[in-house]
Amino acid sequence: MDFLQLVTKRYSVRKYADRKVEPDKIARCIEAARLAPSACNSQPWKFVIIDEPELKTKVAKAAFEKIISINRFIFEAPVLVLLISQPQKLSAKLCGIVKRRDFRLMDIGIAAEHFCLAAAEQGLGTCMLGWFNERPVRKLLSIPKGKRIELVITAGYPDTDKIPAKNRKTTGQITSYNKF
Ligand SMILES: Cc1cc2nc3c(=O)[nH]c(=O)nc-3n(C[C@H](O)[C@H](O)[C@H](O)COP(=O)(O)O)c2cc1C
């Protein structure tokens with residue numbers, strides 16, 4: 001598939017078909033994420049895949065219990081992927097401190113998009129979620145102290161073939177050449 005076609009095909013899918021996702025498709029998405037670049041090649045990520053239905057419901061409940069949320073569609077998604085930050089290499093951490101940049105979050109964002117593009121290429125839909133209750137999910141899955149769930153990705157077959165139009169700033173609004 002042409003790369004820009006693929007990028008256009010990926011959108012935030014918030015309605016999923018009642019259809020199981022083949023594990024090898026998720027494995028291919030993970031492989032794409034594994035190959036993502038990261039500051040000092042730290043690879044500061046771990047992907048926890050939740051595809052067992054009962055556990056998935058428990059995770060969804062933990063993630064949204066007690067908050068009124070637009071993210072309730074998480075219950076319908078057949079697969080959840082938790083992106084958990086791992087310690088960076090010392091060099092990446094030090095560079096981040098000196099330059100006051102959080103490279104770890106950048107790295108995780110890039111890996112997340114690799115995952116989502118690989119999903120789109122295989123006909124799967126995804127949505128990245130940053131709005132969820134982290135603590136109860138950490139407790140449920142016994143995620144060790146200090147390791148944060150930075151992002152949740154839902155994955156499954158979209159319930160429609162229609163790809164919504166992109167709502168984006170124009171190229172002119174976001175670019176300039178040779179000056180600010
Ligand atoms: C870091 C991040 C966090 C996001 N969190 C949520 C979320 O909590 N709930 C949600 O429905 N969408 C979430 N989104 C999806 C964005 O709303 C979506 O990407 C954006 O509106 C552009 O639409 P598109 O993905 O369909 O092209 C998130 C996206 C990113 C990159």
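Start by selecting helix α2, residues 23–34: it lies across β1, β2 and β4 (149–156) and runs at about 170° to β1. Contact here means heavy atoms within 4.5 Å, and the angle, on a scale from 0 to 180 degrees, is taken between N-to-C directions of axes fitted to C-alpha atoms, for helices over the stretch in contact. Helices (H or I, at least four residues) and strands (E, at least two) are DSSP runs, numbered from the N terminus.

Keep in mind that this is a predicted model, where local features need pLDDT of at least 70, side-chain atom pairs count only at pLDDT 80 or more, and totals for chains, interfaces and linings use all residues. Residues are numbered from 1 along each chain as its sequence is written, and side-chain values use heavy atoms, with hydrogens and water left out.

Now bring up the sheet. It is open, with four antiparallel strands in the order β1-β2-β4-β3; strands count as paired if DSSP finds at least two bridges between them. At the edges sit β1 (45–50) and β3 (125–129), each pairing on one side only. On average, neighbouring strands are turned by 20° against each other, direction ignored.

Zoom in on β1 and β2 (residues 79–85), an antiparallel pair with six bridges. Pick K46 and you'll find I84 of β2 opposite.

Next stop: a salt bridge (a Lys or Arg side-chain nitrogen within 4 Å of an Asp or Glu carboxyl oxygen). The whole structure has five. Select R10 and E113, whose closest N and O atoms are 3.7 Å apart. R10 is in the loop between α1 (3–9) and α2, while E113 belongs to helix α5 (residues 103–121), so to speak a link between distant parts of the chain, 103 residues apart.
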